[in-house]
Number of protein chains: 2
Amino acid sequence: MVGIPSGADADNGPALDPQQLGVYFALMEAVSLLQHQVEVQLRAEGDLSYVQFQLLARLASVGGHLTMTQLADGVVYSRSGLTYQAGLLEKAGLITRCPSPDDERSTLVAVTEEGLALVGRVLPGHVEVTRRLLFEPLSDDDLHHLGDIMTRLRDHMRAQPPRSAVPRKRRPSRPSAAQSAPQDQDR
Amino acid sequence: MVGIPSGADADNGPALDPQQLGVYFALMEAVSLLQHQVEVQLRAEGDLSYVQFQLLARLASVGGHLTMTQLADGVVYSRSGLTYQAGLLEKAGLITRCPSPDDERSTLVAVTEEGLALVGRVLPGHVEVTRRLLFEPLSDDDLHHLGDIMTRLRDHMRAQPPRSAVPRKRRPSRPSAAQSAPQDQDR
DNA sequence: TATTGTTATACTCTATAACTATA
DNA sequence: TATAGTTATAGAGTATAACAATA
């Protein structure tokens, strides 16, 4: 997966550092594998997607209400996507939604007893999977390093300008590999 | 996101190590942010999804043919999913498919000139994004550590039994947050 | 019978845009 | 006018199962 030839002929900007590329690919693949296994576990034990789990866990961890906007924060979603997921969770009896008394535009979301119970039921298996896949092969030193690095990276990426960072377009048109290409998010 | 209360009352298995949980969440969020930005770049400059880019890059890096099965390997896909993506890429003129002379059941896939050119055109921006988001805040030492850790993790996860690792079911039924729940993969 | 790949189909998820209602 | 959230809609992507063809 390393050592991609520089397409055909044209000049292709800065050369690639093979080491960096290797780190990048290893990171992406490892997390992809982890995420997949985690999703299998969540689906099997709680019939939840990872996103749904994140939403429930977030609500559980704050222990009270959150507005839809607050709930969406960090979970990279369009508003409508969150509305959709909240609808599912509400229908399943795992959360409640009610209008905020302070600001009647807002919706307050809270976990139900049942939602809390589900999180509690799913969490041990979740921890077990991450332990087996993620923590088992790591020494305490590794764990410390990884935590340090990923925390810094996360903060760095959070701080990035949410848009505008999209690099200059090179060629506006082509047969299009995917039929159409809506690619933006609204938060 | 740390410190989820252990659902309601019941006994919930091993307690969570807050440090581990923090590392886990930081990892997942950071990669999620990175992946999102990368997808924006690939879509903007090459009208490609990350998966499509991976397929093209893989073909480009081997410099020859791959069977569908070989191509799928590592990209966590169902066969039909790969067929779908290959169909898009072929229609866009980025790859070719032809029956294998050795084994007539197999399909040999190769990048076209155009596909190679596209990879070359997209790669600089891709590298730029990863550099800005991933490598910029890391020291050489960090990079080395991260590479070491992620390589080990990837190999560890690859070596895991693909199935059977699904933890024992706790409770088979519940109102179902997602309507239905097909959750398995076929590779 | 096992393997390679495709097709038909169903469903989940996400995004855009238009909309309502409140501030 | 700006903000919070919902709805309608459309499309991308992925999975299951049935299928055809080759080994």
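Two strands count as paired when DSSP finds at least two bridges between them. Keep that in mind for the first part. The model on the screen is predicted.

I will start with the sheet in chain A. The sheet is open, has 3 strands in the order β1-β3-β2, and its pairing is antiparallel. At the edges are β1, residues 66-67, and β2, residues 95-99, each of which pairs on one side only. Between β2(A) and β3, residues 107-111 of chain A, there are 5 bridges, and these two strands run antiparallel. As an example, take A:Cys98, whose bridge partner in β3(A) is A:Leu108. A helix also packs on this sheet: α2 of chain A, residues 50-62, which touches β1, β2 and β3 of chain A. The direction of α2 makes about 90° with that of β3(A).

Now, the cysteines. How many disulfides are there over all chains? A search of the whole structure finds 0. For anyone new to the term, a disulfide is a covalent bond between the sulfur atoms of two cysteines.

Next, the nonpolar core. The largest one has 99 residues, and among the members that touch the most other members are A:Tyr24, A:Leu34, B:Tyr24 and B:Leu56. Which residues does A:Leu34 touch, leaving aside those up to four places away in sequence? In chain A they are A:Leu133 and A:Leu134; in chain B they are B:Tyr24, B:Leu27, B:Met28 and B:Met157.

On to charged residues. The structure holds 14 salt bridges over all chains. One pair is A:Glu29 with B:Arg158, where the closest N and O atoms are 2.8 Å apart. A:Glu29 lies in helix α1 of chain A, residues 18-46, and B:Arg158 lies in helix α6 of chain B, residues 140-159, so this pair joins two chains. With a relative accessible area of 17%, A:Glu29 is buried.

Helix α6 of chain B also holds a pair of its own. B:Arg152 forms a salt bridge with B:Asp148, with 3.0 Å between the closest N and O atoms. Both lie in that helix, 4 residues apart, which is about one turn. B:Arg152 is partly exposed at 29% relative accessibility, and B:Asp148 is partly exposed at 37%. These two are also linked with A:Asp142 in a network of salt bridges.

Another pair is B:Asp155 and B:Arg154, with the closest N and O atoms 3.7 Å apart. Are the two partners buried or partly exposed? B:Asp155 is partly exposed, with a relative accessible area of 37%, whereas B:Arg154, at 16%, counts as buried.

Last, one residue from another helix. B:Glu128 is found in helix α5 of chain B, residues 113-135. Its relative accessible area is 34%, so B:Glu128 is partly exposed. How far is the C-alpha atom of B:Glu128 from that of B:Val38? The separation is 9.8 Å, although the two residues are 90 residues apart along the chain.

That is the end of my part.

Definitions and conventions
Residues are numbered from 1 along each chain as its sequence is written. Chains are lettered from A and ligands numbered from 1 in the order in which they are written. This is a predicted model: local features need pLDDT of at least 70, side-chain atom pairs count only at pLDDT 80 or more; totals for chains, interfaces and linings use all residues. Side-chain values use heavy atoms; hydrogens and water are left out. Contact means heavy atoms within 4.5 Å. Axes are lines fitted to C-alpha atoms, for helices over the stretch in contact, and angles run from 0 to 180 degrees between N-to-C directions. A disulfide is a pair of cysteine sulfur atoms within 2.5 Å. A nonpolar core is a set of buried Ala, Val, Leu, Ile, Met, Phe, Trp, Tyr and Cys residues joined through side-chain atoms within 4.5 Å. Buried means under 20% relative accessible area, exposed over 50%, partly exposed in between (1.4 Å probe, protein chains only). A salt bridge is a side-chain nitrogen of Lys or Arg within 4 Å of a carboxyl oxygen of Asp or Glu.
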